[in-house]
Amino acid sequence: MSIKKNGVTRRKVLKGASAGLITAGVAPSIFVKGAWAQDFRNDPKGGDVVLGFNVPQTGPYSDEGADELRAYTLAVKHLNGEGDGGMLNTMQPSNLKGNGILGQKVTYVTGDTQTKSDAARDSARRMIERDGALIITGGSSSGVAVAVQALCQEMGTIFMAGLTHSNDTTGKDKKRYGFRHFFNAYMSGAALAPVLNAEYGSDRRAYHLTADYNWGWTQQESIQNATEALGWETEKNVLTPVGAGDFSQYITPILNSGADVVILNHYGKDMVNSLTQAIQFGLKDRQANGKNIEIVVPLFSRLMAQGAGENIKGILGTANWNWSLQNDGSKAFVKSFGAEYGFPPSMAAHTCYVQTLLYADACERAGTLYPPEVIKALEGHKFDGMGNGATEYRAEDHQCFKDVLVVRGNQNPTSQFDLLEVVQEVPRSQVEYDAKIFGGELGPYEVS
Amino acid sequence: MDAFFLQVLNGLDKGGAYALIALGLTLVFGTLGVVNFAHGALFMIGAFCAVTFRKLITLEQVVLSKTELSPWGTPLEIRTPYAQQWFGDFGNVLIDYSVPFSLLLAIPVMLLIGISMERGLIKHFYKRPHAEQILVTFGLAIVLQEIVKTFFGANPNPQPIPQALQGAADLGVMVGLAQHTITYPIWRLVYLLFSLSVIASVFAFLRFTTFGMVVRAGMADRETVSMLGINIDKRFTIMFGIAAVVAGLAGVMYTPILPPDYTLGMDFLVLSFIVVVVGGMGSLPGAVLAGFTLGVVQSLASMTAVKDILPGIDQIIIYLVAVIILLVRPRGLLGKRGVMEN
């Protein structure tokens with residue numbers, strides 16, 4: 001019997017049958033949410049989505065950790081459709097509906113990093129292995145971020161970093177499973193240098209005091225490169241031990257060194273102490289080379305500003321975000337956070353809140369919780385309405401690129417929280433760099 | 001030359017704090033034979049007496065504004081310190097001089113804490129090995145710092161220098177040098193004078209009072225003094241309280257230099273023990289001498305000229321000097337035979 005009737009050939013039948021079989025086999029995988037996802041660690045399989053918040057709950061950064069935890073709790077509430085929704089209302093584009101993640105309720109577990117790499121890895125591992133955490137997020141230190149990020153890469157668990165400012169986090173130590181929303185030391189230098197140039201002139205001699213660890217070195221190198229490119233000279237860079245307490249022996253050599261700008265590459269308690277003591281030694285009341293001596297703190301946070309008290313007034317630095325920003329996203333977040341806790345959020349709280357929403361949104365866009373697909377959804381993702389203007393998660397290094405704030409210690413604060421005033425919102429284009437300059441390899445999507 | 005002079009001043013200032021803590025440690029060791037690792041915590045508690053005092057006198061009346069709103073939509077809080085309302089100008093002076101005034105709070109509080117600590121815990125460990133004393137007092141120090149953290153948080157609590165004592169004094173001009181050649185913070189000079197005064201007072205108390213004479217006799221031969229019918233234990237308990245007061249006062253006055261947080265005591269503890277060992281266990285003059293010596297040595301090692309030749313020397317110099325002194329004089333600078341040798 002001929003099958004060539006009506007133009008149908010045997011070849012066409014075989015083609016059609018093959019296509020039909022393939023379609024029948026694959027279609028469910030395409031049209032059913034998450035159906036391509038193979039088994040992966042801590043797949044909730046329709047149950048609650050568990051997030052692991054790894055923040056310093058004890059130790060010197062526990063106040064910052066407490067603020068991060070407040071932000072995470074608020075983010076979970078908003079994701080589950082409770083409260084006023086915060087930045088869910090301003091995020092663009094957004095696939096978040098206030099019904100959890102992919103319709104599954106969001107819950108969380110917490111760990112204490114103690115701002116120690118070993119303790120942070122232990123608590124992250126515990127949350128992944130015992131508590132079923134699908135992601136790990138949080139932290140207040142670059143050392144911790146790099147250590148936890150490496151662990152998360154090994155375990156195939158996404159790490160959404162909290163406060164970490166070292167170039168290395170998304171540079172030589174970057175990982176496929178690690179993502180940083182916070183800005184970095186390079187961006188601080190690139191944003192701050194032109195403002196310093198405009199405020200203090202191009203004929204300046206800088207004296208650096210630098211915390212003797214990874215973040216301090218990268219911060220110092222970045223700000224030195226940026227200021228020297230504008231014509232400044234570097235008088236000296238003195239490394240100071242972390243937790244030195246009394247910095248007087250490092251400050252006195254500055255007095256008659258000929259330097260007319262002092263750059264304190266310190267963070268946290270070290271910054272509070274070195275700035276307080278530099279002011280007490282009268283550095284701001286002196287002159288060198290016929291100019292007033294100026295003090296600069298490249299990385300500011302509101303909690304540090306509170307610790308330094310009056311001494312912060314008039315000092316220039318950079319910040320990832322400030323609660324006084326008047327864009328829609330910032331206003332929505334400050335309103336939610338302030339109504340919940342009675343005071344405005346810190347920039348650490350902001351970055352943690354945003355990271356949680358970004359992860360949730362990526363899951364919605366990917367249509368699955370399967371980490372490699374969520375990672376692909378985050379890579380190169382462009383968004384707005386989260387407080388920093390138009391932002392992009394660069395695919396090459398998982399670093400967020402957005403405007404950077406240059407801030408100054410407020411001369412006339414109106415409240416105990418009104419400590420920093422925004423001097424300039426430096427556009428993203430000015431702080432962007434080639435991902436290759438810091439090296440590193442992201443690693444594979446699939447891990448065994 | 002000016003850099004050298006400034007570093008010597010720095011060293012003396014730093015040494016003042018070391019000497020005050022080491023003096024208290026030595027008093028406790030010399031009288032009770034206890035190695036007290038909680039002594040640094042007493043320095044920290046003293047600092048928090050200043051923080052507490054300031055919090056009390058800056059308590060504010062909060063009135064909610066009927067017209068203005070905060071950025072998060074709640075009524076704006078208008079705050080006025082009660083001290084200002086009740087005492088007028090004196091209230092402002094009280095707030096401005098909160099650190100010196102808080103010494104008045106610190107003395108009874110530290111005395112009470114010191115005596116309670118000795119009666120409640122330390123006395124049960126007199127006859128126990130030094131290792132056990134170290135363990136229990138170290139544990140106590142951790143408990144105390146966690147309590148402080150619970151109430152005051154982990155962030156540093158800045159304390160202001162009174163306005164009249166802010167800024168730097170031009171010491172160079174006083175000795176005929178050009179302006180700004182040698183300037184030094186006024187408060188640090190105040191701290192140096194304060195620590196010298198406290199040290200002198202402790203020595204005078206032990207040297208010129210009957211109580212001090214009995215204590216010195218007890219330190220030399222506890223059993224003989226007891227056999228004379230003197231309750232030496234009671235006097236030693238009071239000495240523990242005095243040692244706590246000395247550490248506490250040092251902590252109060254140090255708060256404008258180093259905004260205190262709960263780790264303040266631990267930061268000073270290790271250095272203070274080195275000071276005690278270098279000075280000679282149980283020797284009060286040794287503790288003072290070693291405190292100032294190590295403070296000055298540490299500062300001089302941080303001079304640019306020195307660091308250019310030996311980078312990082314500032315971070316190890318104290319330990320290096322301690323090793324050398326103990327190799328040359330195993331009992332420390334002014335240590336006596338027989339102390340901690342059996």
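This is a predicted model: local features need pLDDT of at least 70, side-chain atom pairs count only at pLDDT 80 or more; totals for chains, interfaces and linings use all residues.
Helices here are DSSP runs of H or I with at least four residues, strands are E runs of at least two, and both are numbered from the N terminus. Residues count from 1 along each chain as its sequence is written, and chains are lettered from A, with ligands numbered from 1, in the order in which they are written.

**Chain A overall**
- Chain A holds 13 helices and 17 strands.
- Its radius of gyration is 25 Å, close to the 22 Å that the globule rule gives for 448 residues, so chain A is as compact as a globular protein of that length. (The radius is taken over C-alpha atoms, and the rule is 2.2 Å times the number of residues to the power 0.38.)
- Along the principal axes, the C-alpha atoms of chain A fill a box of roughly 105 × 45 × 40 Å.
- Of the 448 residues in chain A, 56% are buried (20 or more other C-beta atoms within 10 Å of a residue's own, with C-beta atoms placed from the backbone).

**Helix H8 of chain A**
- H8(A) covers residues 269–280 and reaches 16 Å from first C-alpha to last, close to the 16 Å expected at 1.5 Å a residue (that is, 1.5 Å times one less than the number of residues).
- Twelve of its twelve residues are buried, so H8(A) is largely enclosed by the rest of the structure.
- Among those buried residues are Lys269(A), Asp270(A) and Gln280(A).

**Where A meets B**
- The contact takes 37 residues from chain A and 36 from chain B (C-beta atoms, placed from the backbone, within 7 Å).
- H2, H7, H8, H9 and H10 of chain A each supply at least two residues of the side that touches chain B.
- That side of chain A has 13 nonpolar, 17 polar and seven charged residues (Ala, Val, Leu, Ile, Met, Phe, Trp, Tyr, Cys and Pro are nonpolar; Asp, Glu, Lys and Arg charged; the others, Gly among them, polar).

Methods
Two residues are in contact if their C-beta atoms, placed from the backbone, lie within 7 Å.
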